[in-house]
Structure formats: C-alpha cells, structure tokens
Amino acid sequence: MQSCQQEIDKLQQELAVCRSRYNNLLASNSDIVWLAEKTGTIIYTNSSWQKYTGLENSEAVERAFLKSIHPEDRIKFKTKIERAVQLQNCWQISVRLKDFNDNYWSFNFEVKPIRDRQNRIVEWMGVGKKVEATERIKTELIAEKEFVKALLDNLAEGIVACDRQGVLALFNRATQEFHGLPQAAITATDWSEHYDLYHSDGKTLMKPEDIPLFRALQGESVRNVEMIIKPKNAKTRYILASGDPIITATGEKLGAVAAMRDISDRLEIERALKDSQIRFNGAFQQAAVGMAILSLEGRWLEANPALCNIIGYTQAELTQTTFQKLTHPEDLPRDLEYTRQLLSGERVSVMVEKRYLHKQGYPVWLNISTSIMRNEQNEPLYFVSLFQNITEARQTLQALEESEKRYRTIADNSSDLISIQSPEGIFLYVSPASRATLGYQPEEMIGKSIYDFLHPEDALLLTETPNKIEQYSEFYTYTYRFRDRDGSYIWLETTNRSLYRPNSQTIAEIVSISRNVSDRILAEVEIAELNQQLEQRVQRRTAQLEAADRQKDLLLIREREARTEVEQVKQKIELYADIVNNIQIGIMVWRLDNPQNPNSFKLIDLNPAAARLSMCDVSPTVDCYVAECFPRLVELKIPEACVEVIETQQVRDLGEVTNLNDCVSDLTFNLQAFPLPNRLVGLILEDITQRQQTQIMLQARATELTKINAMLLKTTAQLEKRNQELDRFAYVTSHDLKAPLRAIANLSQWIEEDLADKLTEDTRHQMNLLRGRVQRLENLINGLLAYSRIGRDRSKPKTIDVTALLQKIIRLIQLPSGFTVEIDDNMPTVVSEYIPLQQVFTNLISNAIAHHHRSTGKVSISVSDCGQFYRFSVSDDGPGINSDYHEKIFGIFQTLEARDRKEATGIGLSIVKKAVEERGGEIEVESELGNGSTFHFTWRKSVY
C-alpha cells in the first residue's frame, strides 16, 4: 500500500513537471494557441492571444472567445466546432480576429484533438497563424482560380486555351468529353492519340493550321467553324467552334482561346426536318386530290398538279391571283364569312361545297376542306385546303331531280294510290288518289307512320314486309286493313317494291301501289267463318274425350315425378352447400331483427370465401350486428338498401365498395343483395380489384388500337386505290408498248420477203437480230406485267395435288429428249392458290433446263415437313452458281450470262421470290460452281 502511494506521488510530480513544460511551451509560442474542452468550450488562451487582442485569459473562455471573431465568421467557426465534436477529427478554418486597436486580421487556425491512452478525446488544441498580405492575396487567387475552374467545368460549351508557343494550357470538362479524353490526367502532347479532327464533310482530316485554336493563335478571329470530332472511345460529335487571340492591353499576345458548342442534336433535328419536308412535298405533288396553301389574304402560295388540272390554271398563274377572284360571285359572301371565322378562331376548319370558275370560264363544283395553321403563340400563319372535284356528282344529282319530277307527274294522275315510305314506314310521298280511296288529303298522311292507320291485328304483317321483299327478287303483294277518313277500316291490296342505296343491300325507300279490295275480302271472310265454326264443333267433342284419358295418366305421372323431385331436391341442397363452401365469391347471410331499424341486421352466416375476403374470424363474427362488423357498409347505407330487397323481393346491385373494413382497405368489391325467406337477405362479395385495373389497361389499349385501326383503314384505302391505278397503268403500258413492237417485227419480215433477192447474208443476220431484240423486249414487258401482278391478283384457294401439278407442268414445258425430272413419291396435297404455285415450279424447272451446260441432265423435286409449311427443293446437276451471286439472281433483270449468249429476261426468279414471300414463305439457293444447284422454298400447307 505504501509502495503504491509512493508510485502515485512520483507520477503526480512527473505530471506537474510535464504540465509546467506544456504551459511554458504554449506561453512562449508566437502563434495564438487555445485549448477547449471535449465539448468545444474554450478554457485557455496563451499570451500571444492576450498580446494581440489585449484581452485576459478570463475574457476569452467559453462564449466570450466568439466576440473577438468577425461577426460574419462567428457562425462558420461555431458550426466547425460542433461538426468536429460530432465527427471527432481534425479541422481547419480561416477567420478574422479583432486586435486591441479594433482592426480585423485574418488567421488560419489548425485544430487537433488531444487523446488519452484509451484514444478518447479529452481536449482540443487550436493554433492560429496570422495571414500576411501576400499570403492572403495568394489564398484569394487560389480561391478565384478554383471558382473559375468550377465555372468552366460547369459550362455546356467546351473551352480550351494555349500559350504563345501553342502549348495547351487550359481546358474544361466539356472539352475533355468532346474529345473522348480519359478521366486520368494526360499531357497536352498526348491528346491527339485519343481522337481525330475532320472538316464538316466528315471525310477530310483537319490539318494543324486549319484547327480554330491555332488559327486564332496566328491572330485570326475565327467564327462559327463547323468541324467533327471522332474520339477513339466515345461518340462522334459535330462541333461549332469560335476562337480569338489573347492580347494584353499593351498589345502583347499571350496565346489563344477557343469555344466549342456541340451541335450534334441540332444537326440531327435539321436533317429530320429536311426529310419531313421532302416527304411532305412528295405527298403534296403526287396527291390525287387538289391541295393548296394560301396566304391569310387569300393569295395562292402553292398548288399541286391535281388542283391545277381541276381548274385549268398553271401553278405560276395561280400564284398571281387570289381565291376570291376565282370564286363564283354567288358563293363569295359565304366564303368571306368562313374566312373571318377561321381567322378569329371561331372555327378550326371548314368543309364547304362551292363553285370555282375554270380558266375556260365554266363553273367547277368542288368539295373544299380548309384549315388554318397557327404558330406556338396561336397566331395565324396560312390556310391549307383540300379540293375534290364533284362536278359530275352535281350534274348526276340534277338529272335525278328532273327524272323525279317526271315520275311524280305520272303518280299524281294515277287512279291507284301510290305512296313512298321509309323502311320504318313513314310516308314520304302520297299521290292525290288518297282523296278518292281514303278521304285523306296527301298532306295529312305525309310525315306520319303507316302504323297510325293500320288495324292493330295487321300491324305485325307490315313489320315483316321488308324481310319478305328481300325473299322475293322483284315485288311482294299483301292485303291489310287501313283506317279511312270516317274512322272505318277498308281492305287494301298493296304491291311493294324496295329501292336500295347505291352500292349497298340496305333498303332506302319502299314504293307501294294500293287499291281498295274491301268487297272481295268481306266475301272471303264470311266463307272462312262458316268453315271455322263447323271445324270448332268437331274439335271440341274430340278434345273432351281425349282430356279424360290424359287426366288419368297425368295423375299417375305426377305421383312418380313428386317422389323423384324430393330426391333431386335433397341432392341439390347438398350440391349447393358444397358450391357455397368452395366458391371463390364471398356470400354472407344477414337477418333483420327489427324491420323499422335497418341497423338491426345481424350476420348469421358466411362462407369461407367471404371470411377470407373480409379478413373476418368466423366464430366471433357470426351473430354480430353488421354495424359492428362492417361500419363502412353502414356509412354507405347498405342496410337500408337490403331492407328494400326484403320488401320488394328483388335482387339488387349495390355497386362497388372499397375499404370494406380496416383489414382490406386496398381491395374493391362489387356487392349484390338477393332476398331470402324469413327476413333474411344474402349478400354477394366479388373481389373486382384486379378486374378494375385490367379494365383501365384494356381501355387505354382499346383507345390506342382504335387510333391505329383508323390509320390502317386510311392507309389500306389509299393502297387499294394505288393498286387499281397500277393495274390500269400496267395494262395500258403493256398494250401500248407491245403493239408497236409487233408492228416492227412484222415490218422487218415483210421487208425481208420483198427484198429477198437483194439482201446480203449480213443484212439478213441484222434483220433476225432486230426481231430477236423485239421478242426480248416483248418478253420483258410480259415479265414486268406478271411481276407487278404478283400479290394483287388473288384467286380462290383450292385443294392442289402437288404430284398432279408437277406432272402437268412437265407436259407443258416439253422436256428436251436428254432431260429427266424425278418427283418424290411423298408429294403432299395443299390448300392454296393454284396459279402462283404453278408459276414457282414452272420457273424453277424451266431455269434448271435452260441454263444447263449439257444437252442431257436431271432435275429432282423433293419435299419435307416444316410444321405449318412444306419445304420444297428443286435440284439440278447443271453448272452451279458462284456464291457471290446467290442473292443477286433474285433481283429483277439480273442474269448470270449475257443476253446475246443466252436469251433471258432476268425476271423469272424475281417472280418466284415475290410469289413465295407474298404468301409468307422463304426461298434460298444452295449451290457451288460445278456441283449443280438446289432451290429451297417454303409454302404454307393451308391458307385457312
């Protein structure tokens, strides 16, 4: 114990010596030194502090130390201390301290923690050095340099500068990205290894003297030079560069600086706009309907050829006038009013029928659709109009009106009652014979329904009349009772004929011719009544005898059925119980204890699905009031609705409910109530959460598909129209080209026959060559016509025996004596169009023979099953095809031999490829020089 005390005393003496040395060291330090507790509270300052500030140590401790710091730096100093105490690490700070003359000077403080042997912080020591003027300027320059660097690095434009010797001295982050430079620092001399610079054509490398930075170094002010940077490991960029020399106020050149802007996106947009303009101009010029762009004053700015053809003016003539001058005077006021409405925004577009004056002076009827184009500020720019020539339709309408006048005159003077009705039975026209036949004026019947005048028993007959008219190709006659002017009914016999809408099987109107046949009908009715009375007496007696026998048999049958029904009911009850317990729809049963109080419903039973959906424990829930189990349903007045179900004994849909209780707040249910005996009501809970989400998705998809379908319908209509035009063009071209070719061939033959004794062998050779070329051109025309029709001339599919088809083809092409064709025994039967399949096989077999290098050869045809398709193979032992031409031979007009050596059009394989691919198949060739060729193509087994 004594030795321990001695050891403690020794340690305390050593500690006192260390503290003395420590205090002397702090006191003799020329820098300001302060000590703080581990919480950051200042507890000591050295003599340098007292000399500088004129304050004693006691005036600096705790919060008083902050009073010597410049007010603008106090929060920063306090925040630094708090942050360091939290993180327990070293820190530095620059603050301004007030001296004894109330002047502020900058000090850099470095603060470190003092730790014990357990590495715990016990104190903080701060040492502050005064920042001299030059040092302060240096610090400010460094800060300014860092600011400028941060500013440059955050610019989207690339900035690069060099000194007077051309050595790169400055560049920002954008420049580094433009040139694809690595993140690690590299010397300026190594930059060129990472990229290439090109002129704006993208092909010509830039010479050093062409680079904007070095042009600026030579004293040139460079503006908006387009160049391309192609980095080795980054994307190509299109750059717009500008540069200037860096010159001091005294004229000394220090270097040069260049700014670069990435214009890749802008150029891409410009190219897209240019392509869009080209497509628009193509559609504008090739449109089948008239199109025009007009200024806001009505001057023609642009007009397509179709419009020029309609009104007889050239585009140049139209641009010198306005639409007002070409408009028929009677239509001009209405046009000017529509123009005003478009400009004011009252209308977005206008569709109108009007007359323009043709260049030759006669009026042209046009259907015109006009819209106004506006800019982003909603300011009007110009009008866009579409023109459709309807002159012929207007003339046809006028002729129809005149024809109608003639027939109306005939009807007005007929003794028979003539009327025209809509398919719904509304009188559209009634002839004057109605006065004598029915006592009505025609005006009294027009606009009314025929059912207003019919006898109730005959009304059904008239509703079936349109169907009967469709069964009988021309006319249909029937009789019925019609109420005349004095209220009595007369019998009319009417013959109907339906008039159909153009190009449709829909009835537009029904023309009726009627006459009074009351006397004949009354006589027929009297005879029928007498016959009916006699037959009824016989039937009554027979029925009485038969009824007695049936009654006996019925009683026996009912007894047996009753026993069977009891057994069936028992089985159904057991089946329904199983269904209710296993069905995935929740079912609950409520009982109404007090009919006057809807909230007196009790839950008396629920199936497992209802317990699972509502997250209810069955045992405590059953026999509880609904208001306690499902307060949400009470808020929605569901009990009141269930009372009505019990009273009306009608099933009722209660709608959708969310938040059934706190356990299922994220589910949505559809509720339906149905009545049960003894004041019970059943409640069906169907979870429709997933269905609602699916409906929303389906609705969005349906909207999208509707838009796409509209676009497809429009495109399909345009394609059908273009195909019709192409058919007409192909036929006219074929006929008009082949006629003069035949004439040339015939004329050369006649010349050769007339001058037979004067022609040399060379002349005869030239004549034969001429006819050969004519025949070649005719073959080309026929081939082009056949190629254009592939895929458009569709025939009705039929069942095709491929073996029989191939045998027929072999007979038609008349094989040379040295050639044979082998057909596999397992050739299938397909359901397809006959002509296209025949064309494919005919071309492939004919080519194998025509292009064979020997006078003898063999062609083999085989087949393999490929799921929905058959894969046919046509092989030959001919010269083969170089692999370089495997794709080329399917191109139109492509041949492997010169036409002077082997007469061929080069269209056959193009027709084969198009016919196969139009029907969903594929074709390819497998061949090597000297080893023959095999053409493989796939053909669908059935088009259905």
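Let me start with Glu 82, which lies in helix 3. Helices here are DSSP runs of H or I with at least four residues, strands are E runs of at least two, and both are numbered from the N terminus. This is a predicted model: local features need pLDDT of at least 70, side-chain atom pairs count only at pLDDT 80 or more, and totals for chains, interfaces and linings use all residues. Residues are numbered from 1 along each chain as its sequence is written, and side-chain values use heavy atoms, without hydrogens or water.

How exposed is Glu 82? Its relative accessibility is 48%, so Glu 82 counts as partly exposed (buried is under 20%, exposed over 50%, partly exposed in between, with a 1.4 Å probe and protein chains only).

Five strands form an open, antiparallel sheet in the order 2-1-5-4-3. Pairing takes at least two DSSP bridges between two strands. Strand 2 (42-45) and strand 3 (91-98) are at the edges with a single partner strand each, so one side of each has no neighbour in the sheet.

Strand 4 (residues 104-115) and strand 5 (residues 121-130) are joined by nine bridges. There, Phe 109 faces Gly 128 in strand 5 across the pairing, standing opposite.

Strands 1 and 2 pair over three bridges. Trp 34 stands opposite Thr 45 in strand 2. Their hairpin has four residues between the strands, and Gly 40 takes a positive phi near 100°.

Back to Glu 82. Its C-alpha is separated by 7.1 Å from that of Gly 40, 42 residues apart along the chain.
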